[in-house]
Amino acid sequence: MVNGKRTLIIIPALNESGSIADVVGEVRGELPGVDVLVVDDGSTDRTAAVAAAAGARVAKLPYNLGVGGAMRLGYRYARDHDYDVAIQVDADGQHDPRYVPKLVDMLEDNDLIIGARFAGEGDYSVRGPRRWAMVMLSAVLSRVARTKLTDTTSGFRAANRRVIEMFASWYPAEYLGDTVETLVHTARRGYRIRQVPVAMRKRMAGTPSHSPAKAMIYLGRAFAVLTLALIRR
């Protein structure tokens, strides 16, 4: 339980055997009343075994579906096991579980809460095309959601029962669909979206896959995903 609500932490993971034990251990240490579900998204390493040994419940996909596919399974688990709150936490250790109670508190009057990196807490920064894409996405999605959103691609999110039910039935697996399209879909159905300032940390293991070329590709894809999300109903 977190603040009186039965809470599930969902951790989508792909080849994160180097960090997943520490992430699960930290979540269980900081939030002893929550359940942890690691969705192994077709890993080729020992992610599933390491997560289970660390005390997490593990669901293993037979092949890689992407974050969207892994989270859809997580939300279905949350719905089927009657959780009040489902919270997405990344497997690389960047999300600090000490912010979870703050996200849950915000669900008292809202439906979906985003842990935002660019809202005044911490020193996380992004430059170049990735930053341009994030600014563009935030400007448009703030208007759609009718609230200020500064970090619409954040994967640190908390959903209440109503949103869990929706995401269990509908959740896009396409690139950036799990962030951009879900916000458009949620806002258009009248659910209240808000953000909470959080500080992000460096990865516990592995290295980011960013480069100037990939950043430009990200910008183009972000624009395409946003356009399709706004067209779809």
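**Close-up views of a pocket and some salt bridges**

**View 1. The second largest pocket.** Welcome: this pocket has a volume of about 160 Å³, the space filled by probe spheres set on its grid points, which are joined across faces, edges and corners. A pocket here is an open set of points on a 1 Å grid over the protein atoms alone, where a 1.4 Å probe fits, with protein on both sides within 12 Å along at least five of seven lines; lining residues have an atom within 4 Å of a point. The lining includes Val 144, Tyr 191 and Arg 194. This is a predicted model, in which local features need pLDDT of at least 70, side-chain atom pairs count only at pLDDT 80 or more, and totals for chains, interfaces and linings use all residues. Residues are numbered from 1 along each chain as its sequence is written, and side-chain values use heavy atoms, with hydrogens and water left out.

**View 2. Lys 5 and Glu 108 form a salt bridge.** Their closest N and O atoms are 3.6 Å apart (a salt bridge is a side-chain nitrogen of Lys or Arg within 4 Å of a carboxyl oxygen of Asp or Glu). Glu 108 counts as exposed at 52% relative accessibility, while Lys 5, at 22%, is partly exposed (buried means under 20% relative accessible area, exposed over 50%, partly exposed in between, with a 1.4 Å probe and protein chains only).

**View 3. Asp 40 pairs with Lys 60 in a salt bridge.** Here the closest N and O atoms lie 3.1 Å apart. Asp 40 counts as buried, at 0% relative accessibility.

**View 4. A network of salt bridges.** Look for Glu 26, Asp 96, Arg 98 and Arg 201, which are linked in this network.
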